[in-house]
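Colleague: I am new to this one. Please show me the structure, and then I will ask how you know what you say.

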Amino acid sequence: MLESHDSEHFYAGITDDVPTRLAKHNAGEVSHTSKFRPWRLKTYVAFSDEKQAFAFEKYLKSGSGRAFAKKRL
């Protein structure tokens, strides 16, 4: 979970290399997040099962998942 510098925008994504992915977001290489730079790592969750990781990402992008993330993450 990434948080914009102004703390008004959040981004949930999936990667196997957190530092490299964060650098890409901050370099403007990800069109969806480039206008809200800079980003900082707010929370990360590691999964041993890729299927569970994708399911959790999908949940975080849902209405109830966004509410959960805002309150708990």
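Modeller: Start with Ser4 and Asp6, whose side chains are joined by a polar contact of 2.4 Å. This is a predicted model: local features need pLDDT of at least 70, side-chain atom pairs count only at pLDDT 80 or more, and totals for chains, interfaces and linings use all residues. Residues are numbered from 1 along each chain as its sequence is written, and side-chain values use heavy atoms, with hydrogens and water left out.

Colleague: Why is the link between Ser4 and Asp6 called a polar contact?

Modeller: A polar contact is a pair of N or O atoms within 3.5 Å; within protein, one must be able to donate a hydrogen and the other to accept it, and residues adjacent in sequence count only if both atoms are side-chain atoms. The side chains of Ser4 and Asp6 are joined at 2.4 Å, so the term applies. A polar atom of the Ser4 side chain also lies 3.5 Å from the backbone nitrogen of Glu8.

Colleague: How do you know whether Ser4 is buried or exposed?

Modeller: Buried means under 20% relative accessible area, exposed over 50%, and partly exposed in between (1.4 Å probe, protein chains only). Ser4 has 0%, so Ser4 counts as buried. Ser4 sits in strand β1. Strands (E, at least two residues) and helices (H or I, at least four) are DSSP runs, numbered from the N terminus.

Colleague: What makes Arg40 and Glu3 a salt bridge?

Modeller: The term asks for a side-chain nitrogen of Lys or Arg within 4 Å of a carboxyl oxygen of Asp or Glu. The closest N and O atoms of Arg40 and Glu3 are 3.4 Å apart, so the pair qualifies. Arg40 lies in strand β3 (residues 39-41) and Glu3 in strand β1 (residues 2-4), so the pair ties together parts 37 residues apart in sequence. Glu3 is buried at 13%, while Arg40 is partly exposed at 34%.

Colleague: How many salt bridges does a search of the whole structure find?

Modeller: Two. Glu57 and Lys61 form one of them, with their closest N and O atoms 3.0 Å apart. Glu57 belongs to helix α2 (residues 50-60).

Colleague: Where does Asp17 lie, and how exposed is Asp17?

Modeller: Asp17 is in the loop between β2 (10-11) and α1 (18-26). Its relative accessible area is 33%, so Asp17 is partly exposed.
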